[in-house]
Amino acid sequence: MEKLAGEKFFIRTFGCQMNVHDSEQLATIMTEAGYERTGDEGAAAVILVNTCSIRDKVAQKIVSQLGRYRTRKIKNPGLIIGVGGCLAQHWGREIFKRAPHVDLVFGTHVLHEVPELVGRVKNGYRMVMDTAFREDIPSLDICAAVTNGNGRLNLQAFVTIMQGCDNFCAYCVVPYLRGRERSRPAAAIIREIEALVGRGVREVTLLGQNVNSYGRGLAEETSFPALLEKINAIPGLERIRFTTSHPKDLSDGLISCFGRLEKLCEHIHLPFQAGANRVLERMNRGYTREEYLSRIEMLRKRCPDIAVTADVMVGFPGETETDFEATLTLMEAVRFDGLFSFMYSEREGTQALSFADKVPEQEKRRRLMILQALQDRHTLEKNRALIGKPVSVLVEGASKNDRREMTGRTRTNKIVNFAGSGDLRGQTVSLCITAAYLHSLRGEPRKEGKADVYRNEDRRADH
Ligand code: 5AD
Ligand code: SF4
């Protein structure tokens with residue numbers, strides 16, 4: 001393969017954290033192949049678009065972005081444009097039809113081959129494409145770049161622990177586009193985290209479509225709680241998070257990790273999707289409203305301060321007004337710290353596509369607005385309840401809006417701004433919350449003054 005040292009590439013990412021992480025791995029692969037990453041699209045010789053196909057709105061955004069690249073390509077015919085990720089996996093050759101200025105299409109399993117595919121384009125091949133599913137996915141083992149755009153080390157890193165999904169929720173394209181669920185061996189995950197910690201990382205987020213079914217099918221069977229125990233023992237690591245969990249696989253063993261493993265942060269993202277049992281059943285979610293609520297109750301019994309966030313959608317086919325109200329009453333019962341809410345979006349190839357009783361767009365919009373207004377009330381209420389309380393904040397750096405301000409996150413994943421200097425970056429400080437807003441909190445150093453780690457044991461539930 002032709003290796004052109006210093007040639008610049010730019011990556012544009014759409015979609016979820018998983019995609020952001022895939023892009024970081026792709027950046028590492030490209031850098032190792034001799035390319036140089038740039039944050040300036042105009043300076044790039046290769047533009048790689050990492051796409052998402054989860055909802056139609058995102059797909060539409062990507063299509064318009066690809067349209068804008070046409071002008072770039074006309075001005076600079078030597079520019080190489082590659083499109084990868086879920087939408088590329090889904091559309092395949094169709095991308096070349098919709099955007100003939102695209103040179104390369106790559107799927108979700110072949111990131112490690114991108115430099116070679118780019119090389120083929122350079123050698124004069126047109127419409128280069130690889131969207132094959134692979135038995136093993138070498139890029140899963142790539143330790144992604146941990147520097148931000150300024151070459152500064154990041155304190156947080158994502159680590160993939162599993163790929164794919166076997167759940168086949170009726171609305172979801174992921175199982176078709178990311179393939180079957182597979183877990184990475186624990187030893188490889190531990191090695192990666194140790195290497196990251198060696199490079200200054202203090203917090204890891206374990207990634208997977210359904211992390212709590214981790215371990216299925218591995219030669220050396222490991223459960224997710226067992227993996228967490230091992231990660232918790234890594235010296236120098238301070239915080240562990242994970243996403244996403246599926247309510248049907250949230251075992252008692254996992255619940256018991258909260259409040260017991262001191263590095264595991266008090267936050268869980270547990271999508272519920274809908275509040276009515278008939279909708280949950282049609283969605284093929286594998287749990288009832290009652291089971292969901294009982295899991296939340298168990299979590300809170302174990303760890304009273306745990307922050308709970310979730311995904312929910314409105315307007316799934318057949319969702320009646322009464323069903324929608326059941327979603328609202330579930331929200332009232334749980335009082336989430338935050339919620340990602342979506343209007344159901346029709347996806348090709350999914351089961352729900354053939355379901356009757358589609359909910360009109362306007363009605364979906366109305367339901368979404370009602371739901372979001374309720375959630376805003378709950379978020380504010382949850383944040384305000386923290387006023388006067390001590391929190392432990394891992395300081396990430398200066399605030400974007402005001403350089404005299406520092407910003408960081410609580411273990412419950414809430415953003416806290418406070419007056420402080422740059423040398424606090426990377427430290428865990430103890431702050432008292434003085435004000436609460438919808439998207440952030442304000443704090444000030446506690447009377448004791450200096451930084452102290454706020455230990456998990458302080459608020460362990462009785463068990
Ligand atoms: N329509 C709307 N929302 C969807 N999600 C997944 N598929 C769809 C769809 N077809 C949402 C779910 C999921 C989140 C990542 O995106 O809430 O948890
Ligand atoms: Fe999609 Fe359901 Fe798998 Fe999540 S669990 S990725 S919603 S199929």
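The legends below describe close-up views of a predicted model.

**Conventions.** Residues are numbered from 1 along each chain as its sequence is written, while chains are lettered from A and ligands numbered from 1 in the order in which they are written. Because the model is predicted, local features need pLDDT of at least 70, side-chain atom pairs count only at pLDDT 80 or more, and totals for chains, interfaces and linings use all residues; side-chain values use heavy atoms, with hydrogens and water left out.

**View 1. Confidence along the chain.** The predictor's confidence in each residue, pLDDT, runs from 0 to 100. Its mean over the chain is 91, and 94% of the residues reach 70 or more. Residues 449-463 have a pLDDT below 50. In the model this stretch has 30 contacts beyond near neighbours in sequence, a contact being heavy atoms within 4.5 Å. Where pLDDT is low, the predicted coordinates should not be read in detail.

**View 2. The shell around ligand 1.** The shell, made of residues with a heavy atom within 4 Å of the ligand, consists of I54, R55, Y171, Q273, D311, M313, F342, M343, Y344, S345 and R347. By class the shell has 6 nonpolar, 2 polar and 3 charged residues. Here Ala, Val, Leu, Ile, Met, Phe, Trp, Tyr, Cys and Pro count as nonpolar, Asp, Glu, Lys and Arg as charged, and the others, Gly among them, as polar.

**View 3. Polar atoms beside ligand 1.** One oxygen–side-chain distance is 2.7 Å, from an oxygen atom of ligand 1 to an N or O atom of D311. An oxygen atom of ligand 1 also lies 2.8 Å from an N or O atom in the side chain of R55. A nitrogen atom of the ligand is 3.0 Å from a polar backbone atom of Y171. On its own, ligand 1 has 410 Å² of accessible area, of which the protein covers 87% (Shrake-Rupley method, 1.4 Å probe). Two or more shell residues come from each of β13 (307-314) and β14 (338-343); helices (H or I, at least four residues) and strands (E, at least two) are DSSP runs, numbered from the N terminus.

**View 4. Q273, a member of the ligand 1 shell.** Q273 sits in the loop between β12 (267-269) and α10 (277-283). Q273 counts as buried because its relative accessibility is 8%; buried means under 20% relative accessible area, exposed over 50%, and partly exposed in between, with a 1.4 Å probe and protein chains only. Its phi is positive, about 70 degrees, although the residue is not a glycine. Leaving out residues up to four places away in sequence, Q273 touches Y171, M283, R285, Y287, D311, V312 and M313. Its side chain makes a polar contact of 3.2 Å with the side chain of Y171. A polar contact is a pair of N or O atoms within 3.5 Å; within protein, one must be able to donate a hydrogen and the other to accept it, and residues adjacent in sequence count only if both atoms are side-chain atoms. Q273 and R285 are 12 residues apart in sequence, with their C-alpha atoms 8.6 Å apart.

**View 5. The loop between β14 and α13, with R347 and D357.** R347 is buried, with a relative accessible area of 7%. Beyond neighbours within four places in sequence, the contacts of R347 are S53, I54, R55, D56, A59, Y171, V173 and L353. D357 is exposed, at 58% relative accessibility. The phi of D357 is positive, near 60 degrees, in a residue other than glycine.

**View 6. L371 in helix α13 (residues 361-384).** With 1% relative accessibility, L371 counts as buried. L371 touches V312, V314, F324, T327, L328, M331, L339 and S341, with residues up to four places away in sequence not counted.

**View 7. The residues around ligand 2.** These are C165, N167, F168, C169, Y171, C172, V174, P175, Q209, H246 and R285. They divide into 7 nonpolar, 3 polar and 1 charged.

View 8. Just after α5, G124 has a positive phi of about 100 degrees.
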